[in-house]
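Subject: Structure for your study

Dear colleague,

Please find below the structure that I promised to hand over to you. I would be grateful if you kept it open while reading the notes that come after it.

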Amino acid sequence: MKRALLVAIGAHLLAALVYGLSQYSPKPSPNSPSRPPPRPARSQILIVEEQLSEQDCMLARLSTKVPYGTAVVRYALPQPAELAGFYLRNTRLQRARVFQQLAGKSHSPGRFSVYPSAIVSSAPGGPGPSIVAEGEGWELFEVIPAGGAAAATRSTVHEFHVVDGFMRNAFGGADGWSISTGRWQLNQYGGGLADSNTQKTNADFQRAVNPFSVIASANAGESAMLVYDTPVSHGDSYLAEASFYFGSPSKPSDTGALKKPIPTFLVAQGELDGPQVGFGWWAEKIGAPARWSLCYRLSDQPWSALKSWTQRPPRCTWVRAGVAIDNGHVAVAMLDGRELGRCELDKMIDGSFHIHTGLDGLKIELDDVAARPLVSRDEDYGQPVYVRSKTFSEKALYGRDRDPEQFDQWAKAANTYVTASGTDTVLGLSGRRATLRMPLFGDFTYRSTPELPNGDYRFIALTDVEPKTVDASVADFTFSKTAAGWQVPADQSPPAFTLEFGRRNGNFVVKDGKNWKPLDASYNGPMHLMIVSPSAFEPDQHRIYSKCTWNELFEQSPSGWYWDNGMFGMNIRWACQENWNFMAGKSHNLAAMFSKAAYYGDQEIDCFMALSAVLPGARQYYIRRDLCVSFCTDGRNLDSGYTLMFAAEHNTKTVLLKRGQEIASTTDPRFLMPKGGNHGQVHWLWWNFDLKKMGDRIVVKYNGATMFDVTDPDPIEGGHIAFWTIGTGFVLSRTNIAAEKRVDHPAVALDERANKTHAWEPLDPDSVVIRKVEGGVEVRNPIGGGTFAARTQTQVDLSKTPVLELPMRLDPDAKINLHIEIDGRPWLVRVSAPVREMEYLLTPTADNVFPFGRPVMNGRHLIALVLGDATPQNNVLRFDLGGMLKRKGLSITGTRQITLTFGNSSNAGYLLAGFWGNHAGTTYCLGDPKWTTTGQ
């Protein structure tokens, strides 16, 4: 190891230099009669190195470069001699730090860990680990005492990458996982993966878009632990995360899943016999409240929380929870890809990652585990534009009039490109060509594949809203492939094995060796890339990646989405094919799923939806109405952005709304669902909706045909996407999104969801948020729409105390009625919601049956259920329930069980979707019910 003559250090300064010298300057005596004239200031580096030289210490340079693919470089002095240690300096900052072994001290200068962005010291027996240098320009040296030799050892830890979606039929062993405690097994949806060509090409083979997850459990008071084993250390700076189902695992048909508790879980890092950190939904003991917690423990001791957060997502959604270690000793809590908080630890964390269940004895369900460097040094090309379904793209078609072309479009990505041939006189080209149907925003990269035949390839950037061959090109490049390779560029560089070109910050560039070279063109707006090929165009031979394109086929757990109402998850579409599973949502009121990410500027959303079977076969399976897409929303209110309502108002019209107001509509039968009683009319259909916001134009297409093309002089800038329906079910097989900008905003799904109260409880957990306030409870709607319902039960003798009196305050936006059940019979008292477009009342009897497809209550049937009106006066609701029943011809005597539910089941004006009332954040307050005589 090369040495450099060092500079010295006096014994009087040595203690100040150990574990970091920030500055040194002698202080004059206070008794000094006069001060000498000031000398020119010397740099900290000069002072330190002069003192080291006086000690006869030598320096040996140590590299601070972290090679590509390396997570950390470590230097250690196993048995340091007196005055041995490390020295850091930064000539640009004129700073120096010295770490040395002092006489009579048991601790040593310790281990130095060099990360891409920091250098960390961790001295055995000394203070805890600390960052001693950050940023660029730091040099590291070994301090060698007089007569000694270089003793520092160097070790490296490679970057660690693991991705596991559990898409297989076996679990554990060769895949790197080992079960430490508890019960762990694969959970299978549908028919699983095809494992032969015969199954892949068989249209009858049972499939699921995301067939497998992992289920784990342990006995109450114990924890199940799954460990990812590797033969080498994982390093100190990486993120380990997994997607968890935020509820108890249940079958897709289990309609009571929303009422089940939320199990606890942790993702952890650290050696099993050393310090460990974890993050997840955690309770430190059975019966204690669970919350998001960043936890710590030594070996197998109980976990203790370092930091906690009380806001949580609604139950039965998916969340992506992870724990990262930054620079070896800083624990970072990650939720849905965003940092919640961090804690500096007094020990370095190293070793494997593992997953734990809580102590509550509940099962957990998880999927899509990943571990990667906390900060990636790879160039981010973005997502591929051409993506086929892993499970369904190999499926054979049933034949004519079955499996429409939309199936190929979503499963096989058949509509990624618009193809053409012949002559285009405008652009002056002929032959085969393909143009990306959706626009490219921002940076993108094209990469050739070895399978491409030799010849000239022309790439044309078109700027029109539609990918047509019009005179709208802003760039035109031709690259030639020969037996020797690609000419990049054609007249300067040697042939390249792969052609890579694209756009960076608005400039078109091409890869020349390891560097990007500018091409003579630039354009920063949305564009459609046309590829003119010398032979038949094969889309899988052309790889295009975009940083502004996002594909979702729900082949991973849907942690990028959330819902507060309805049942969502892998579910059947066809009643006759129960093992064909897709991403589905259904509800007897509102079923709405929002994206956690928001999209801004010009954008396009391309999606494929279908009806889900919700009726028995005798009633033709499907309810034909209300496939709806909203975009540019605030993430909580469906009427806050643009909305397409396909087959709205009982399949009589299709409408386009802006902030709940109609801006376009059609009754054209082409843009409605087929009408009739034969379920075969819709049994195989997939509906493709393409929604564009480009400048001031809103363009909506259905199966390629334009339904709406509207000019909006004041367009909404952007927001979240939502898919929803009312009183039925839908399937969402694919959505492709292209936008100028995406912002991940997982906090949109978080809320203070404590619902434990003294008298009133939510009709469904998390459908409302109930908290205690002075005089009663406040009921708040977390997202717009839904039933917005709270319930209580009581026993009353209406013949003695027929009058109900309770404190009540309504927001002007709150649209609710009082739904009453007495001895199993439902009744309704009007308060502020409409009494029309209702299929059922919010009573315990109706809770036990999914009332899909019930006819709307009207006429005599509805009139018979309505007892009358009641309006709060001076924040008190008071009415004579016994008198109302007597007017209906009923006289109820004796003590009876009475259920009171405030909420809404009317869909008048799509109130169940939150249109014109019951918006997110709307509240009403209720006190305790009081029953009195008529005269009180």
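The following paragraphs describe what was found in this structure, which is a predicted model.

**An open sheet**

I begin with a sheet of six strands. The sheet is open, and its strands follow the order E26-E39-E31-E35-E36-E37 with antiparallel pairing. Two strands stand at the edges, namely E26 (383-384) and E37 (515-522). Each of them has a single partner strand, so one side of each is left without a neighbour in the sheet.

Strand E26 pairs with strand E39 (residues 542-546) in the antiparallel sense, over two bridges. Within this part of the sheet, Gln383 lies opposite Ser546 of E39.

**A helix and the residue after it**

Next, please look at helix H2, which covers residues 44-54. Which of its residues are buried? They are Gln44, Ile45, Ile47, Val48, Glu49, Gln51 and Leu52. Just after H2 comes Asp56, whose phi is positive, at about 65°.

**Salt bridges**

In total, the structure contains 40 salt bridges.

In one of them, the side chains of Lys395 and Asp403 meet at 2.6 Å, N to O.

Another salt bridge links the side chains of Asp408 and Lys412, with an N to O distance of 3.8 Å. Here Asp408 is partly exposed, at a relative accessible area of 21%, and Lys412 is partly exposed at 21% as well.

A further salt bridge joins the side chains of Lys517 and Asp512 at 3.4 Å, N to O. Lys517 counts as partly exposed, with 26% relative accessibility, and Asp512 is partly exposed with a relative accessible area of 23%. Salt bridges can also share partners: in this way Arg437, Glu604, Asp606, Asp690 and Lys692 are joined into one network.

Yours sincerely,
A colleague

Note on methods
Residues numbered from 1 in each chain as written. Predicted model: local features only at pLDDT ≥ 70, side-chain atom pairs only at ≥ 80, totals over all residues. Heavy atoms only, no water. Pairing = 2+ DSSP bridges. Helix = DSSP H or I, 4+ residues; strand = E, 2+ residues; numbered from the N terminus. Buried < 20%, exposed > 50% of the residue type's maximum accessible area, 1.4 Å probe, protein only. Salt bridge = Lys/Arg side-chain N within 4 Å of Asp/Glu carboxyl O.
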